[in-house]
Amino acid sequence: RAKSDGRGNYRFFEKGMDAAMQHRRAIESGLKLGLTRDEFRLVFQPLMDLESNRISCMEALLRWEHSEMGFISPVEFIPVAEEIGFIVQLGEWVLKQACLTAATWPANIRVAVNLSSVQFKSHRLLECVQRALEEAGLPASRLELEITESVLLSDSDQTLETLHALRAMGIRISMDDFGTGYSSLSYLRAFPFDKIKIDRSFIEDVGSTDANFEIIKAVIALGRSLGMATTAEGVETEAQLDAVRSHGCDEIQGFLFSRPLPARDALELITRLTPRKTEPKLSATS
Ligand code: C2E
Ligand code: MG
Ligand code: MG
Ligand code: MG
């Protein structure tokens, strides 16, 4: 009986694997086709500066609407794109589009782009970033690059060199999802980031657990003493906003203020919230 159970389980397992493999293969082959078929687009989510109460930056987030499978989350397709190396090409497209879009915004609003650790291994990154900026006519000071701890995991001199070279161009470097890696603190020592983005998981139940509250407090204080700005990710409630604000967090990002928006809506939000110095007062009423 044990044998037949085993076989049954095995078959079930095999079937499950088949479906998962097929789905994965569909994503794999769909990625390249998707780029040529124009199935990707960027949405933009604002980062709010808590001192000025203004948008300081918009994070570009990738979206994929597959012709047959429909919407697929970046959480699902980015790792596949990384595994097959396609993230280099896809990331190039993201950089280009993000810079082109940001070039249409007021000059005091930056754009943040997520970079995969695989892009750092491509040796084409610097050139690719430079070209995206040039083609869009966007000053380097208006670009922020978000990296996760996985970029620094390899801890190669090459990676650090690239980060320093990007910084020397005038680009800001942010540490994304801070606190979720194995050794978050050591990464802060490895590179002088401009910004620490405190992971959403610490913000989530800031009201209900004292531990998260203390951790947020400590990270904000740490950032301050290291000269790094702090952003709270995933702020969804007023209570969370109050908590991070009271401890001197510099920026918030989250559904409370805005969800990620298509480029058109992003521009509209920016225009509505950003006073333009050059605009004559008259037009304010029109
Ligand atoms: P991330 O860079 O940490 O981006 C923030 C994620 O949190 C986004 O998910 C955003 O929609 C979500 N988020 C923002 N505010 C809230 C909130 O208040 N509540 C909740 N529940 N979620 C919130 P998204 O767009 O699904 O992206 C997931 C991840 O995929 C990103 O995390 C990033 O690691 C990766 N990703 C997205 N676009 C790109 C890209 O162009 N290149 C690379 N390499 N990775 C990307
Ligand atoms: Mg990010
Ligand atoms: Mg993040
Ligand atoms: Mg995240």
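These legends walk through close-up views of the ligand and metal sites in a predicted model. Local features here need pLDDT of at least 70 and side-chain atom pairs 80 or more, while totals for chains, interfaces and linings use all residues. Residues are numbered from 1 along each chain as written, chains are lettered from A and ligands numbered from 1 in written order, and side-chain values use heavy atoms, without hydrogens and water.

**View 1. The shell around ligand 1.** Here 23 residues surround the ligand (a heavy atom within 4 Å), and the closest are Arg-63, Asn-114, Asp-176, Glu-236 and Phe-255. Strand E2 gives the largest share, four residues (strands are DSSP runs of at least two residues). The shell holds 10 nonpolar, five polar and eight charged residues (Asp, Glu, Lys and Arg count as charged; Ala, Val, Leu, Ile, Met, Phe, Trp, Tyr, Cys and Pro as nonpolar; the others, Gly among them, as polar).

View 2. Look for pairs of N or O atoms within 3.5 Å. A ligand nitrogen lies 2.5 Å from a side-chain N or O atom of Glu-236. Ligand oxygens lie 2.9 Å from such an atom in Asp-176 and 3.3 Å from one in Glu-233.

**View 3. The magnesium ion (ligand 3).** Its protein donors are Asp-176 (OD), Asp-177 (OD) and Glu-233 (OE), at 1.7 to 2.4 Å (donors are N, O and S atoms within 2.8 Å of the metal, or 3.2 Å for Na, K and Ca; water is not among the atoms, so sites may look incomplete). Along the chain, the donors follow the spacing D-D-x55-E.

**View 4. Two magnesium ions and one bridge.** Asp-176 bridges ligand 3 and the magnesium ion listed as ligand 2, and the two ions lie 3.6 Å apart.

Methods:
Polar contact = N/O pair within 3.5 Å; in protein donor to acceptor, adjacent residues only side chain to side chain.
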